[in-house]
Amino acid sequence: RAYSNIGFVKKNQGKFDQAILNYDSSITFYKLANHASEIANNMGNQAVLFQQLGNREKALKAFQTQLSIYDTLTNGERKKATPILNIGRIYLDQNNHDIAIKYFNESLLLSQKYKLLSAELLAQNNLGVAYFNKKEYTKAIEYIEKTILIAKKVSDKKRELEATTNLGACYAQLNEDEKAL
């Protein structure tokens, strides 16, 4: 657990390479202890860092490994919404909108199934962004409006503001200036 904690601290200090090394050490330790859940958690932590460093291939591989581990756990399906969402983000960043949408929808279904409002919020938001990028503004609006509702429900003012801004951008693209304001 110490390596995981050090990795977390290094990540917060912006020392991503050191954080990755500590998560790697933690993974090695947890493999020896046969603790699959912690291996998966540390793989996810590494994947996020790889993604932030722009190494999408390593991030994708780490997220996929994390998902494979979750498949072996009794309560693993419940934990899959976030890594699936993150895989979708990788594809969205590469402008592979249709693939991203597939992953966001899968994450959304899991989030709703297990009533994970924070994960659902992110899935709805990312679906809105993906459809906006595809210039499917009406469809984007559907997801963005749901994002706003969930953000209000969980008191996430930052996401609510971002979604409201995105909603205005959609209406502006549709030349519905009154709604855009």
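Which exposed residues does the face of helix 2 turned away from its buried side carry? The model on screen is predicted.

**The whole chain**

The secondary structure comes to 11 helices and 0 strands. Along its principal axes, the C-alpha trace spans about 60 × 35 × 30 Å. The chain has 181 residues, of which 43% count as buried. Among contacts between residues at least 6 apart in sequence, 46% join residues at least 24 apart.

**Helix 2**

Select helix 2, residues 16–32. This helix has 17 residues and reaches 24 Å from its first C-alpha to its last, close to the 24 Å expected at 1.5 Å a residue. Now colour its buried residues: Ala19, Ile20, Asn22, Tyr23, Ser26, Ile27 and Tyr30. Looking down the axis of helix 2, these buried residues fall within an arc of 165°, so they line one face of the helix. An α-helix has 3.6 residues a turn, so residues three or four places apart point the same way.

Turn the view to the face of helix 2 that points away from its buried side, and the opening question is answered: the exposed residues there are Asp17, Leu21, Lys31 and Leu32.

**Asn34**

Step past the end of helix 2 to Asn34, in the loop between helix 2 and helix 3. Asn34 has a positive phi of about 55° although it is not a glycine. Most residues other than glycine have a negative phi. Is Asn34 buried or exposed? Its relative accessible area is 68%, over the 50% cut-off, so Asn34 is exposed.

**The nonpolar core**

Next, select Ile87, Phe104, Leu127 and Ile144. Of the 47 residues in the largest nonpolar core, these four touch the most other members. The elements that give two or more residues to this core are helix 2, helix 3 (36–52), helix 4 (56–72), helix 6, helix 7, helix 8 (117–133), helix 9 (137–153) and helix 10 (157–173). In soluble globular proteins, nonpolar side chains tend to be buried together.

Stay with Leu127 and show what surrounds it. Leaving aside residues up to four places away in sequence, Leu127 touches Ile101, Phe104, Asn105, Leu108 and Tyr143.

**Aromatic pairs**

The structure holds 4 aromatic pairs. Select Tyr91 and Tyr103 to see one of them: their ring centres are 5.7 Å apart and their planes lie at 10°, so the pair is stacked. This pair links distant parts of the chain, with Tyr91 in helix 6 (residues 81–93) and Tyr103 in helix 7 (residues 97–113), 12 residues apart. Tyr91 counts as buried at 15% relative accessibility, and Tyr103 counts as buried at 14%.

Move on to Phe132 and Tyr137. The centres of these rings are 5.2 Å apart and the planes are at 65°, so the pair is edge-to-face. Phe132 counts as partly exposed, at 26% relative accessibility, whereas Tyr137 is buried, with a relative accessible area of 12%.

**Lysines over rings**

Lys102 lies over the face of Tyr103, at 4.1 Å from the ring centre. Then select Tyr143 together with Lys146. Lys146 lies over the face of Tyr143, at 5.5 Å from the ring centre.

**Helix 10**

Now select helix 10, which has 17 residues. From its first C-alpha to its last, helix 10 reaches 24 Å, close to the 24 Å expected at 1.5 Å a residue. Which residues of helix 10 are buried? They are Glu160, Ala163, Leu167, Gly168, Cys170 and Tyr171. These residues cover an arc of only 155° around the axis, which puts them on the same side of helix 10. The face turned away from that buried side carries the exposed residues Lys158, Leu161 and Thr165.

**Asn175**

The last stop is Asn175, in the loop between helix 10 and helix 11 (177–180). At 65% relative accessibility, Asn175 counts as exposed.

Conventions
Residues numbered from 1 in each chain as written. Predicted model: local features only at pLDDT ≥ 70, side-chain atom pairs only at ≥ 80, totals over all residues. Heavy atoms only, no water. Phe/Tyr/Trp six-rings, centres within 6.5 Å; stacked < 30°, edge-to-face > 60°. Helix = DSSP H or I, 4+ residues; strand = E, 2+ residues; numbered from the N terminus. Buried < 20%, exposed > 50% of the residue type's maximum accessible area, 1.4 Å probe, protein only. Lys NZ or Arg CZ within 6 Å of the ring centre and 35° of its normal. Core = buried A, V, L, I, M, F, W, Y, C linked by side-chain atoms within 4.5 Å. Contact = heavy atoms within 4.5 Å. Expected span 1.5 Å × (residues − 1). Arc of directions from axis to C-beta.
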